[in-house]
Amino acid sequence: MFLAPAFLSDFRQNLLAKFLCFAILAIGIDLLWGYAGMLSLGHGVWFGLGGYAMGMYLKMEDADGRLPDFMNWSGLTSVPWFWKPFEHAWFALPAAVLGPGIIAYVVGYLVFRSRVKGAYFSIITQALALILSIFFVGQQQYTGGTNGLTNFSTLFGFSLADRATQDALYYLTVATLLATMLFATWLTRAPLGRLLIAIRDDEDRVRFSGHNVTLLKAAVFAVSAALAGLAGALYVPQVGIISPANMGIVPSIEFVLLVAVGGRATITGAVIGAILVSWARSILSENYPDTWLYFFGALFIASVLLFPAGIVGTWRSLVRHRRLPIRRPPFRTPAAVRLESPEHPMSEAILNIENLCVSFDGFPVLDDLSLLVARGELRFLIGPNGAGKTTLMDVISGKVRARSGRVLFDPAVPASGDPHPSTIEVHGEIRFEGLDLARMREDAIVRAGIARKFQTPSVFNSLTVAENVAVAAAYRDRFLRQLFPPSAARRERVTRALEDVALLHRADVPAGALSTANASGSKSPCSSSSRPGSCSSTSRSPA
């Protein structure tokens, strides 16, 4: 790519630079959709915001203290107050990247806090693209309307029409793309990347492993939007225009197609897909101006049907890499567990439920339930289907939220337990070592020391057995700690947990390939990775 300017004409070089900008954006979508499993159909918004930030700076530079041309035509007599900061590159350039990222984080936090996911999240992002594109069209005096911002002449005093300036911008785009690929590769190979895949496989399991899923999803949404804004900022000075058409639903869907064709959860696939699809679109539109859309649509359908995993994903499945055998300890049956006498007297209560009442849409499920569990005590709940056993476990583990009541926190608990909207009515208190659990989040309850093992195996199929345990072992790590490799002590802890359930010899096997019995066994070390306290497990009894 670095040698392209020596062989390409001005037009072809400019076209390739445009494709590389799309590749940067595609990497951001791949982080969000390919790794975290969140399909955004509105990424044109973040691309457009970054492009408009750069376009506003270029128009202010061209105006040189005067009113930009399109504002004169619209009847304005002075520069709007929100345009004035864009006179300075030190404000405009960071705003092109940080602006979309911050806005996406706020929007994402509000959406994910309400447990919106799947198709509903896609619809929200699509609606956002539609609303903002219409809004920018209607604000012609400030945004240029349908025409957008165009007719840029200089950048930092250098003429954009000069080949030397375009060469410099092209090399900057290539370098930015390579840096983005390295950043994305580092991010996905860090523990955070493992968490993103876990969220894609089973979001609830991640939540019950002690991780704040809302913050994780909002963070990756912000990173993805920031990369889209960066792509938009590089796009504008090379293409020469940014308009509401770049922010709409159609370009947003086309950006997703770049990743789908190249291959989800493959950084190189996103880049290859962006370049190949954009190149195919350009060639078809040049040679078949009247019917190129039909050819382009057929090409996309064929690629999805023949290569559902994308180009890179299909290639990886065909190429079998032989790995050197790893020496593992011989298989052994787990030793029988003997319950030791508790260190604390049985009279010391560790879990106290007082006068608990739970109803679903007015129908009572638990009525004035009180329960006391002492430290070291083993309790069983026995009852017919519909008796409320699972509901009680849901309340203790935080799956069912409280509408009223106070929340008490232990100083050792690092996170608050803010509630989310619910149609479930809960009254009473659940106290665990001084904490009122009735309104705490699932992840905060796990960090307090209560783990939950579900009846149905719920492992992260795309991760290995060892990675499944590592996700649970990192339940106390803050966000920044997830960006760096685990410590030797953490790896030793994971190894010991696998030894306890005789799965060390299958540590590198994908959890989805395990039998039901082994998958159930792999959950035990995940649950035991939390601080020892109360462990709840749901099961059914015959009616």
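Is Asp 167 buried or exposed? I found Asp 167 to be buried, with a relative accessible area of 19%; buried means under 20%, exposed over 50%, and partly exposed in between, with a 1.4 Å probe and protein chains only.

**Basis.** I worked from a predicted model, in which local features need pLDDT of at least 70, side-chain atom pairs count only at pLDDT 80 or more, and totals for chains, interfaces and linings use all residues. Residues are numbered from 1 along each chain as its sequence is written, and side-chain values use heavy atoms, with hydrogens and water left out.

**Entry on helix H8.** I looked up the partner of Asp 167 and found Arg 163, the two side chains meeting in a salt bridge at 2.9 Å, N to O. I took a salt bridge as a side-chain nitrogen of Lys or Arg within 4 Å of a carboxyl oxygen of Asp or Glu. Both residues belong to helix H8 (residues 163-189) and are four residues apart, so about one helical turn separates them. Helices are DSSP runs of H or I with at least four residues, numbered from the N terminus. Arg 163 is partly exposed, at 28% relative accessible area.

**Entry on helix H17.** I noted a salt bridge between the side chains of Asp 443 and Arg 447 (2.9 Å, N to O). These two also lie four residues apart in one helix, H17, about one turn. Asp 443 is buried at 2% relative accessible area, and Arg 447 is buried at 7%.

I then followed Glu 442, whose side chain meets that of Arg 115 in a salt bridge (3.1 Å, N to O). This pair links distant parts of the chain, 327 residues apart: Arg 115 is in the loop between helix H5 (89-113) and helix H6 (119-138), and Glu 442 is in helix H17 (residues 442-448). Glu 442 is buried at 2% relative accessibility, whereas Arg 115 is partly exposed at 26%.

**Entry on the salt-bridge total.** I recorded 15 salt bridges in the structure. Glu 203, Asp 204, Arg 207 and Lys 217 are linked in a network of them.

**Entry on the cores.** I defined a nonpolar core as a set of buried Ala, Val, Leu, Ile, Met, Phe, Trp, Tyr and Cys residues joined through side-chain atoms within 4.5 Å. The largest has 98 residues, and Leu 149 and Trp 83 are among those with the most contacts inside it. Helix H2 (residues 10-35) gives the most to this core, 17 residues. Apart from it lies another core of 20 residues, including Ile 350 and Leu 371.
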